[in-house]
Amino acid sequence: MFDERSPIYQQIADQIKADIISGALKEEEQVMSTNQYAAFYRINPATAAKGFQLLTEEGILYKKRGIGMFVSADARQALVQVRKNRFFEEVVDRMVEEARQIGVPITDILKHIEARKEGEGQ
């Protein structure tokens with residue numbers, strides 16, 4: 001499951017975020033404990049705890065004392081909004097800048113998108 005592209009704790013946080021966005025983890029649902037996570041993936045419990053701590057600091061997870069960690073009520077909406085913002089910044093804004101540089105009118109881009117959209121139904 002884990003690779004060398006980023007620290008394991010970051011990959012843990014990213015996987016939990018992906019599970020929330022996909023609906024595999026629902027809002028207000030309890031997540032595995034750090035010890036369960038560490039045992040399941042055969043990693044150090046401190047590494048799992050660091051990943052969970054990142055999510056807690058971001059407001060994605062919260063702790064119920066004596067019970068465990070849970071997905072926050074608005075976690076999915078917040079994560080989707082972050083993804084949308086990143087999409088526009090990293091994909092759309094770069095595409096528009098590239099189009100300007102090579103002289104492609106925005107109207108041509110919009111026509112192309114509409115044609116792709118209409119092709120989905122076929």
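**View 1. The hairpin of β1 and β2 in a predicted model.** Three residues lie between the two strands, and glycine 66 takes a positive phi near 80°. Strand β1 covers residues 61–64 and strand β2 residues 68–71. The two pair in the antiparallel sense over four bridges; pairing requires at least two DSSP bridges between the strands. Leucine 61 has valine 71 in β2 as its bridge partner. Strands (E, at least two residues) and helices (H or I, at least four) are DSSP runs, numbered from the N terminus.

**View 2. Packing of helix α1 with helix α3.** Helix α1 spans residues 8–22 and helix α3 residues 45–57. Their axes are 8 Å apart, at an angle of about 50°. That makes α1 oblique to α3. Axes are lines fitted to C-alpha atoms over the stretch in contact, and angles run from 0 to 180 degrees between N-to-C directions. Under 35 degrees counts as roughly parallel, over 145 as roughly antiparallel, 65 to 115 as roughly perpendicular and the rest as oblique.

**View 3. Residues in the contact of α1 with α3.** From α1 come Ile8, Tyr9, Gln10, Ile12, Ala13, Ile16 and Lys17. They meet Thr47, Ala48, Lys50, Gly51, Phe52, Leu54 and Leu55 in α3. Contact means heavy atoms within 4.5 Å.

**View 4. Residues 6–74, the stretch listed by UniProt.** An unreviewed UniProt entry lists this stretch as "domain: HTH gntR-type". Here the chain is 52% helix and 12% strand. The end C-alpha atoms are 27 Å apart.

Residues are numbered from 1 along each chain as its sequence is written, and side-chain values use heavy atoms, with hydrogens and water left out. In this predicted model local features need pLDDT of at least 70, side-chain atom pairs count only at pLDDT 80 or more, and totals for chains, interfaces and linings use all residues.

Definitions and conventions. UniProt positions are given in the numbering used here, feature names are shortened, and annotations may be inferred rather than shown by experiment.
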